[in-house]
Amino acid sequence: MAAISSVVVKNLAVERGGKRVIHDVSFAIKSGEITALLGANGAGKSSTVMALAGVLPIAGGRMRLDATSLTGLSPDRIRRAGLALVPEGHRVLGQLSVEDNILVAAFDGSPSARREGLERAYEIFPELAQRKRQLASDLSGGQKQMVAMAQAFIAKPGFMVVDELSLGLAPAVVKRLAEALKIAAQNGIGVLLIEQFANLALDLADHAMVMERGRLVYDGASTTLRANPEILHGAYLAS
Ligand SMILES: Nc1ncnc2c1ncn2[C@@H]1O[C@H](COP(=O)(O)OP(=O)(O)OP(=O)(O)O)[C@@H](O)[C@H]1O
């Protein structure tokens with residue numbers, strides 16, 4: 001079995017618009033596991049993962065992927081170090097084909113690595129292989145989210161951070177995307193999932209974390225959180 005890899009965040013602080021929105025957040029996520037990050041609107045989930053992916057600057061703390069420090073690195077360097085972000089809102093380049101959208105994410109790979117990456121992405125999402133020549137702007141919301149996830153897969157990441165899997169998507173599509181995350185975890189990828197529907201996230205996740213007003217208020221097994229719904233209710237009511 002492959003060695004366990006981990007992303008470790010220590011004492012993270014983030015400011016937005018001059019205001020501290022993330023306070024002293026520490027956690028670790030492991031390869032081969034799905035970790036759900038839950039909390040009410042505005043609790044700080046997106047700010048946390050955007051800081052982890054290098055998209056937002058940090059005001060304090062440090063982050064590493066195994067022995068590699070991610071603190072202060074650009075989003076591109078963090079992606080190359082092995083942490084891929086699937087951003088909220090199914091962003092694609094509408095005027096490019098589906099295949100070119102996926103390949104854009106692997107621009108720095110060798111031709112053979114790009115081909116292998118494409119094959120991997122099409123194995124996970126055969127519906128994209130059928131539409132590879134289509135313009136991305138013609139895709140449904142669910143298919144766009146698949147492209148965004150395929151862009152993460154092609155980079156062969158150790159870790160994938162998914163910001164809002166189900167946003168605006170039909171339940172059948174969400175089920176399909178959830179299966180892809182399970183496959184990713186079975187293949188040894190560590191997944192950090194932000195999801196507004198706590199039940200969906202807890203069904204998928206091994207490990208769960210709950211944020212409340214910029215702080216981490218739960219970090220443990222998802223089964224424990226399911227057995228103690230008052231923890232989640234408290235967090236959702238507090239914000
Ligand atoms: N662009 C911004 N400028 C200033 N403050 C922001 C900005 N975006 C978010 N915030 C503030 O940062 C805090 C954390 O928001 P964040 O979006 O990280 O929470 P969240 O848990 O991801 O919520 P949501 O599910 O609504 O995205 C909130 O107080 C929010 O008002």
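Visitor: Which residue stands opposite A13 in β4?

Guide: Strands of a sheet pair through backbone hydrogen bonds, either parallel or antiparallel. Here A13 stands opposite G60 in β4. Two strands count as paired if DSSP finds at least two bridges between them. Strands are DSSP runs of E with at least two residues, helices are runs of H or I with at least four, and both are numbered from the N terminus. β1 (residues 6-16) and β4 (residues 60-65) pair in the antiparallel sense over 5 bridges.

Visitor: What should I know about the numbering and the model?

Guide: Residues are numbered from 1 along each chain as its sequence is written. The model is predicted: local features need pLDDT of at least 70, side-chain atom pairs count only at pLDDT 80 or more, and totals for chains, interfaces and linings use all residues.

Visitor: In what order do the strands of the 4-strand sheet lie?

Guide: The order is β2-β1-β4-β5, in an open sheet with antiparallel pairing. β2 (19-30) and β5 are the edge strands, each pairing on one side only. β1 and β2 pair over 8 bridges, and L12 has V25 in β2 as its bridge partner. Between β4 and β5 (residues 68-69) there are 2 bridges, antiparallel, with L65 opposite T68. The hairpin of β4 and β5 has 2 residues between the strands, and D66 takes a positive phi near 50° there.

Visitor: Which helix lies across β1, β2 and β4, and at what angle to β1?

Guide: Helix α1 (residues 45-52) lies across them, running at about 115° to β1. Axes are lines fitted to C-alpha atoms, for helices over the stretch in contact, and angles run from 0 to 180 degrees between N-to-C directions.

Visitor: How do I read the sheet of 6 strands?

Guide: This open sheet has the order β6-β7-β8-β3-β9-β10, with mixed pairing. Its edge strands are β6 (83-86) and β10 (215-221), each pairing on one side only. Neighbouring strands are turned by 15° against each other on average, direction ignored. β3 (residues 34-38) runs parallel to β9 (residues 207-212), joined by 4 bridges; β3 and β8 also pair in the parallel sense, over 4 bridges. A36 stands opposite A208 in β9, and its bridge partner in β8 is L193.

Visitor: Which way do the residues of β3 point?

Guide: In a regular strand the side chains alternate between the two faces of the sheet. In β3, I34, A36 and L38 point one way and T35 and L37 the other, and all are buried. Helix α7 (residues 171-186) lies across β3, β7 (159-163) and β8 (190-194), running at about 150° to β8.

Visitor: Which residues touch the most other members of the largest nonpolar core?

Guide: In soluble globular proteins, nonpolar side chains tend to be buried together. A nonpolar core is a set of buried Ala, Val, Leu, Ile, Met, Phe, Trp, Tyr and Cys residues joined through C-beta atoms within 7 Å. The largest has 73 residues, and V147, A150, M160, V161, V191 and L193 touch the most other members. α6 gives the most to this core, with 8 residues. V161 touches V49, L52, A53, L83, L85, V86 and L192, not counting residues up to four places away in sequence.

Visitor: What length should helix α4 have, and which of its residues are buried?

Guide: The expected span of a helix is 1.5 Å times one less than its number of residues. For the 14 residues of α4 (residues 111-124) that is 20 Å, and the end C-alpha atoms are 20 Å apart, which agrees. The buried residues of α4 are G117, L118 and A121. They cover an arc of only 100° around the axis, so they are on the same side of α4; the arc is that of the directions from the helix axis to the C-beta atoms. S112, E119 and E123, on the other side, are exposed. The buried residues of α4 pack against α3 (98-104), α5 (126-130) and α6 (141-154).

Key:
A residue is buried if 20 or more other C-beta atoms lie within 10 Å of its own, exposed if 12 or fewer, and partly exposed in between; C-beta atoms are placed from the backbone. Two residues are in contact if their C-beta atoms, placed from the backbone, lie within 7 Å.
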